[in-house]
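Subject: Structure for you to look at

Hi,

Here is the structure I promised to pass on. Have a look at it first, and then read my notes below.

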Amino acid sequence: MGERALFERMELADQRHCVDVFSHLRRQGQESQDLLRAALLHDVGKVEARFGLRIRGAIVLLEGLNARMLARIASNKRDSWRYCFYVHEHHARIGAEMARQAGCSSRVISLISQHDQPHPSDEMAVLLYQADWEN
């Protein structure tokens with residue numbers, strides 16, 4: 001499975017968000033193909049659990065109230081109703097592994113794995129983190 005197939009697996013809302021992040025970076029003059037590919041795929045890990053409108057709302061509410069509570073609710077058991085919270089908490093790592101399996105470059109994989117860390121390890125990761133939060 002290639003990069004395009006990964007992108008096409010995402011829910012429409014996640015695709016739209018990833019395109020917005022990509023467009024934001026392009027408007028800033030970013031031309032790195034690895035950065036732009038990572039922008040388009042940074043939320044691919046979320047495909048492991050489909051987030052409906054209610055789940056997305058619950059996640060936003062819980063993150064706003066108490067992010068630790070969200071982590072406590074999460075369960076890595078796929079048959080649990082709490083699995084979607086686990087996927088949300090770990091989607092960067094899950095997405096990086098999916099990107100690796102799809103044959104993405106090591107740089108794209110690294111950027112995806114760090115995109116939700118408030119203090120990423122390098123400049124491109126910082127750009128992706130900021131664009132993600134601004135969109």
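What volume does the second largest pocket have? The answer is about 180 Å³. Before going on, some background: this is a predicted model, where local features need pLDDT of at least 70, side-chain atom pairs count only at pLDDT 80 or more, and totals for chains, interfaces and linings use all residues. Residues are numbered from 1 along each chain as its sequence is written, and side-chain values use heavy atoms, with hydrogens and water left out.

A pocket here is found on a 1 Å grid over the protein atoms alone, as an open set of points where a 1.4 Å probe fits, with protein on both sides within 12 Å along at least five of seven lines; lining residues have an atom within 4 Å of a point. Grid points are joined across faces, edges and corners, and the volume is the space filled by probe spheres set on them.

Back to that second largest pocket. Its lining is Glu3, Arg4, Phe7, Phe22, Gln33, Leu36, Arg37, Leu40 and Leu41. H3 (33-41) gives the most, with 5 residues. Helices are DSSP runs of H or I with at least four residues, and strands are runs of E with at least two, numbered from the N terminus.

H3 also has a buried side: Leu35, Leu36, Ala38, Ala39 and Leu41 are buried (under 20% relative accessible area with a 1.4 Å probe, protein chains only). Their cover includes H1, H2, H7 and H8.

Now for the largest pocket, with a volume of about 650 Å³. It is lined by 20 residues, and Lys46, Glu63, His88, His91 and Trp133 lie nearest its centre. Helices H2, H4, H6 and H8 each give two or more residues to this lining, and H4 gives the most, with 4. The lining has 7 nonpolar, 5 polar and 8 charged residues (Ala, Val, Leu, Ile, Met, Phe, Trp, Tyr, Cys and Pro count as nonpolar, Asp, Glu, Lys and Arg as charged, the others, Gly among them, as polar).

As for the whole chain, there are 8 helices and 0 strands. The radius of gyration, taken over C-alpha atoms, is 14 Å, close to the 14 Å from the globule rule (2.2 Å times the number of residues to the power 0.38) for 135 residues, so the chain is as compact as a globular protein of that length. Buried residues make up 43% of the 135, and the C-alpha trace spans about 40 × 30 × 25 Å along its principal axes.

Cheers

How values were computed
Buried < 20%, exposed > 50% of the residue type's maximum accessible area, 1.4 Å probe, protein only. Contact = heavy atoms within 4.5 Å.
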